Amino acid sequence: MTRKTGRVPGLRDVVNAELATAAKARESWHVLGIMSEFFEASERLAQIRPAVSIFGSARIPETDPRYELAETIARKLSEAGFSVISGGGPGIMEAANKGAYDGPSPSVGLNIELPHEQTSNAYQNISLFFRHFFPRKVAFVKFALAYVVLPGGFGTLDELFEALTLVQTNKSRRMPIILVGSDYWSGLLEWIRAQPLAHGLISPADPDLVRLLDDPDAVVNAIFDFYQHEGFTQSADERERLLNL
């Protein structure tokens, strides 16, 4: 078959029909795998609300003060009646699960296989295992009423800006997004104001979508204060938006 010039080749350009069929079957199987992970997450996490997702680096050791800080925040949230959702791995994720595990509310781990640093921690009442980042990221937002973000790397930043984008664009309900650790996050917030905001690339109110706190009690109180006005129950419009994530 002669391939047309000036365009990217597609499956119809594959001479071997058997190879084309195999490629389509592989992609279909991939889509089914993602769908099955969505289904399992919805089935197993539907009853954990209210819940808070906690993020942070997998590389922070147990001896680090930030590990203890995450553990304390998670325990206080659990004692206040919130389930705690983490990535299920080591570091801050382990600290979050451990703090919640010691409390009365469920400790949830959304585990994923990574080549280097992801191993499941032992402090999970509910454990889900994902092969794909996409349904895992949706689960972090879909079942949480707040985000608590401790110091972390690219993965933590990815989750933070995912949440900010969803709230900013009204694809998710407005929720508390709390950065913990002034010494770590202050520079990022200053950059957001000095660059995207100053250049008109975000709206004047967008930086206020984030709060910067250091005290565990202040984190819990900020979440309660927010929902004292908003209410924990989702409106019909908010449920519709979450369905369309």
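**Close-up views of a predicted model**

**View 1. Buried residues of helix α3.** Ile92, Met93, Glu94, Ala95, Ala96, Asn97, Lys98, Gly99 and Ala100 are buried in α3. The structure shown is a predicted model. Helix α3 spans residues 92–101. Nine of its 10 residues are buried, so the helix is mostly covered under the cut-off of 20% relative accessible area. Charged side chains are on the buried list too, including Glu94 and Lys98.

**View 2. Surroundings of helix α3.** The buried residues of α3 pack against both strands and helices. The strands are β1 (51–55), β2 (83–86) and β3 (107–112). The helices are α2 (65–79) and α4 (133–142).

**View 3. Helix α5 against helix α6.** Helix α5 covers residues 154–168, and helix α6 covers residues 182–197. Their axes lie 14 Å apart and form an angle of about 45 degrees. The two helices are therefore oblique to each other. The crossing of α5 past α6 is right-handed.

**View 4. Residues at the α5–α6 contact.** From α5 come Thr156, Leu157, Leu160 and Phe161. They meet Trp185, Leu188 and Ile192 of α6. Six of the contact residues are nonpolar, one is polar and none is charged.

**View 5. Val138 in helix α4.** Val138 sits in helix α4. Its relative accessibility is 14%, so Val138 counts as buried. Ala163 is 25 residues away from Val138 in sequence. In space, the C-alpha atoms of Val138 and Ala163 are 9.8 Å apart.

Methods. Residues numbered from 1 in each chain as written. Predicted model: local features only at pLDDT ≥ 70, side-chain atom pairs only at ≥ 80, totals over all residues. Heavy atoms only, no water. Buried < 20%, exposed > 50% of the residue type's maximum accessible area, 1.4 Å probe, protein only. Helix = DSSP H or I, 4+ residues; strand = E, 2+ residues; numbered from the N terminus. Contact = heavy atoms within 4.5 Å. Axes fitted to C-alpha atoms, helices over the stretch in contact; angles between N-to-C directions. Parallel < 35°, antiparallel > 145°, perpendicular 65-115°, else oblique. Left-handed = near helix turned anticlockwise from the far one by under 90°.
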